[in-house]
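Hi,

Here is the structure I said I would pass on. Have a look at it first, and then read on for my notes.

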Amino acid sequence: MGHRDRRLGRRMVLPLILLLLAVQGYPMAFAVYISAHDYRLTALSEVRWVGLEQYRGLLDNPSYWTAMKNTLVFVFGAVSLELLLGFLVAYLLWRPVPAQNLFRAILLTPMFVTPIAVGLMFRFLLNNQLGIIPVWLRSLGLEIDWFGPDLALFSLILIDVWQWTPLMVLLLLAGLEALPVEPFEAARVDGASELQIIRHLTIPLIRPVMLAAILIRMLDAFRVFEYVYAITRGGPGERTETILFHIYRVGFLYFRLGEAAAMAITLALVIFVLVVLLFRSLRRQEALT
Amino acid sequence: MFRRIAGFVMALGMLASWLLGCRPAAPSPVTLTIIMEQVPDTDVIRKLLPDFEKENPGIKVVIDAMPYDAMRDKILASFMAPRATYDVIIVDNPWMDEFVAGNFLEPLDDRIRGIPDYDFEDFVKPVRDIGVVGGKIYGIPFYNYALGLIVRQDLFDDPAYRDAYQKKYGKPLAPPTTLEDYVRIAQFFKEQSGGKIYGAAMQPQRGYKVFEEWKNWLYAAGGNLLDDQGKVILDRPEAVRALELYIEMYKTAAPPNSLNWGFDEALRSMAAGEAATMMSYNWMLPTLNNPQGPAGNLAGKFALYEVPGGKAVLGAWHWAIPRNAPNKDASWRFISWVTSKRVEKQRVILGGAPVRVSAMKDPEVWQKGFGQSYYETVLKILEDAEPLARGPKAEEIIQVVGTELNAAVAGEKTAEQALKDAAAQVRRILGQ
């Protein structure tokens with residue numbers, strides 16, 4: 001490639017870079033800017049520089065830590081359940097099944113429903129007065145308070161699992177189907193049991209796909225908002241107050257945008273660290289194999 | 001070249017004269033956009049609009065109705081814009097001081113003085129006071145949502161219940177006037193009906209709801225959020241007692257697993273005949289007693305009383321004009337029309353929640369509306385009522401206290417601890 005070509009190439013991506021700067025760079029820079037200012041929408045004439053004060057304020061803000069903890073529990077609970085179920089289902093579908101395309105299409109439908117609708121749906125399905133699920137459970141003699149203090153966060157995790165396991169299935173199935181057949185045939189010839197094959201062949205081979213799937217789901221799960229908004233509003237107490245809902249509360253109900261921006265930036269840092277750790281382990285795996 | 005420039009200048013001149021000329025020629029009709037909540041009281045306003053537009057041919061009114069949760073953001077966005085999206089807004093009572101502190105609302109004193117027979121003093125005092133901040137009037141009362149005690153009168157009149165209660169407690173069964181009586185009566189209904197009828201459909205939902213219900217209990221126990229000097233007194237023994245009784249009621253007399261219940265759930269429970277009492281907005285009574293309403297066969301069996309202790313939590317919506325509204329005169333024309341004595345009477349007859357004393361004392365309203373005793377009870381409720389919280393931080397205080405109360409009802413904290421934590425947070429918010 002000649003010198004002129006490269007220059008032309010750079011000039012041609014310039015509009016895209018400018019666009020990205022305008023629609024992503026500016027809001028991010030502005031968020032950093034207001035996180036260092038006492039920026040309240042109801043007192044815009046009193047905006048002043050406060051440096052890191054708002055970040056320090058988060059340290060002894062119990063609601064922030066509760067929300068962070070709830071979010072981490074939600075993310076780890078939801079993603080690990082989804083991985084487990086998703087792998088099981090993908091493994092079962094990884095063979096010729098009659099009407100397999102129809103099967104897969106039906107299995108994927110929850111993904112296509114918008115999350116706020118899923119939230120509202122489960123709010124009514126699990127409602128003690130109106131819901132069909134408590135009615136069925138009662139006919140079995142079970143009385144479960146899905147949104148009580150003990151189960152509320154777990155119920156939200158289950159809803160996330162219902163909606164997003166299909167994505168896991170989709171990704172893992174694609175990974176499984178791309179695997180070479182020879183190692184499996186060789187293992188069978190050598191008399192390996194099904195479980196041994198899964199443990200020593202299948203899982204190590206699709207580990208990179210698994211990690212990518214975990215990453216995608218994790219980034220998404222951190223942004224959980226709709227279920228909380230539609231069902232529990234963070235209650236009972238603060239049992240389901242997730243970080244994004246808390247940011248929304250501080251920013252758009254109390255109008256303290258500066259403090260909300262500081263929280264959002266710490267959340268971005270937490271996610272960044274987790275992503276780096278995941279990538280590291282992905283690299284290490286590749287180096288080993 | 002010169003000809004070209006001359007032609008250009010001439011064209012410019014013609015354009016300018018055309019622009020200038022067309023401006024004063026036809027005063028286009030003003031369109032007022034009003035942000036409102038999707039509630040029955042908005043439907044009442046919709047029914048009145050044709051009259052307003054007939055009396056004011058130059059003004060068209062468009063109502064932008066939406067769910068409560070969407071309103072605060074939209075109103076604020078409208079305040080921020082160089083030119084307001086909304087010509088008239090309605091303000092929920094916790095937002096009033098905050099919006100005034102942000103310098104977003106237009107003072108209305110002069111405009112009120114401009115209408116001789118307006119009679120601002122006719123609005124019930126506690127409701128009217130919400131719209132007055134720092135001695136100036138910023139909001140005109142639209143409708144009230146003060147709390148009352150709604151009971152199943154047929155159960156209280158049932159001889160079987162009456163006799164059993166008399167035998168057990170040595171006094172007649174009557175709607176409660178103290179907290180202890182309220183808890184006892186609620187427990188009595190649950191026991192006596194064998195668990196078929198719960199004593200009270202409660203609303204311990206986190207945030208606004210639980211605070212709104214419990215603060216009536218706090219008043220009855222002699223407590224409050226702040227004292228007269230504005231100091232936080234939420235952790236005093238009266239408050240602890242009120243919360244302990246409230247939790248006892250929830251555990252022993254409310255429907256099971258109702259920790260997340262808000263307004264809808266409690267109403268459904270009451271309408272289904274599952275509960276004997278509930279604390280709710282006073283105007284839920286006509287809804288429950290409406291044969292076409294949610295209660296079906298039970299319609300007509302409900303009655304409204306003051307909450308135990310007599311002092312109630314007051315909620316109210318106010319009309320206001322944003323400072324950046326483009327047609328303030330037209331905005332005021334609408335507000336002064338809809339809140340005038342004459343239209344208030346029509347509005348209340350159509351089922352709107354009253355705010356003017358004259359409407360509540362009007363025999364024509366009694367007759368065409370829901371009867372004399374209803375309006376008299378509502379007036380009594382409104383005269384002794386106080387909002388949940390005031391000041392520019394009211395919304396946050398309500399959320400914070402409501403979270404702690406809900407945690408205490410959920411059993412995560414003791415009543416004392418929850419109130420201590422709540423008081424500490426309110427002190428921090430207020431900078432005490």
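B:Val151 stands opposite B:Ala303 in β9(B). Two strands count as paired if DSSP finds at least two bridges between them.

Before going further, some housekeeping: this is a predicted model, where local features need pLDDT of at least 70 and side-chain atom pairs count only at pLDDT 80 or more, while totals for chains, interfaces and linings use all residues. Residues are numbered from 1 along each chain as its sequence is written, with chains lettered from A and ligands numbered from 1 in the order in which they are written.

Back to that sheet. It is an open one of three strands, in the order β8-β7-β9 of chain B, with antiparallel pairing. β8 (277–281) and β9 (302–305) of chain B are at the edges with a single partner strand each, so one side of each has no neighbour in the sheet. From one strand to the next the twist averages 35°. (Axes are lines fitted to C-alpha atoms, for helices over the stretch in contact, and angles run from 0 to 180 degrees between N-to-C directions.)

What packs against β7 and β8 of chain B? The buried residues of α12(B) do, and they also pack against α13 (284–289) of chain B. Those buried residues are B:Glu265, B:Ala266, B:Leu267, B:Ser269, B:Met270 and B:Ala271. "Buried" means that 20 or more other C-beta atoms lie within 10 Å of a residue's own; 12 or fewer makes it exposed, anything in between partly exposed, and C-beta atoms are placed from the backbone. After α12(B) comes B:Gly273, with a positive phi near 80°.

There's a second sheet to look at in chain B. It is open too, with five strands in the order β2-β1-β3-β11-β6 and mixed pairing. Its edge strands, β2 (59–66) and β6 (140–144) of chain B, each pair on one side only. Neighbouring strands are turned by 25° against each other on average, direction ignored. Inside this sheet, two bridges join β1 (residues 30–37) to β3 (residues 88–92) of chain B, and these strands run parallel. B:Ile34 is the residue opposite B:Val88 in β3(B). α3(B) packs on the sheet and touches β1, β2 and β3 of chain B, its direction making about 135° with that of β1(B). Contact, here and below, means C-beta atoms, placed from the backbone, within 7 Å.

Now zoom out to the whole of chain B. It has 20 helices and 12 strands, and its C-alpha trace spans about 110 × 50 × 35 Å along the principal axes. Of its 432 residues, 49% count as buried.

Chain B splits into domain 1 (30–138 + 316–387) and domain 2 (147–313 + 388–430), with bounds that come from an automatic or database domain assignment. Taken over C-alpha atoms, the centres of the two domains of chain B are 28 Å apart. Their contact takes 17 residues from domain 1 of chain B and 20 residues from domain 2 of chain B. On the domain 1 side, α4 (96–101), α18 (372–383) and β12 (385–387) of chain B each supply at least two residues, and α18(B) gives the most, with five.

Which residues touch the most other members of the largest nonpolar core? They are B:Ile150, B:Ala200 and B:Leu243, in a core of 141 residues. (Such a core is a set of buried Ala, Val, Leu, Ile, Met, Phe, Trp, Tyr and Cys residues joined through C-beta atoms within 7 Å.) Both domains of chain B contribute at least three residues to this core. Leaving aside neighbours within four places in sequence, B:Leu243 is in contact with B:Trp214, B:Leu405, B:Ala408, B:Ala415 and B:Leu419.

Last, the meeting of the two chains. Here the contact takes 24 residues from chain B and 20 residues from chain A. α3 (68–80), α4, α12 (263–271) and α19 (394–409) of chain B each give two or more residues to the chain B side, where α19(B) gives the most, with six.

Cheers

Terms used. Two residues are in contact if their C-beta atoms, placed from the backbone, lie within 7 Å. Helices (H or I, at least four residues) and strands (E, at least two) are DSSP runs, numbered from the N terminus.
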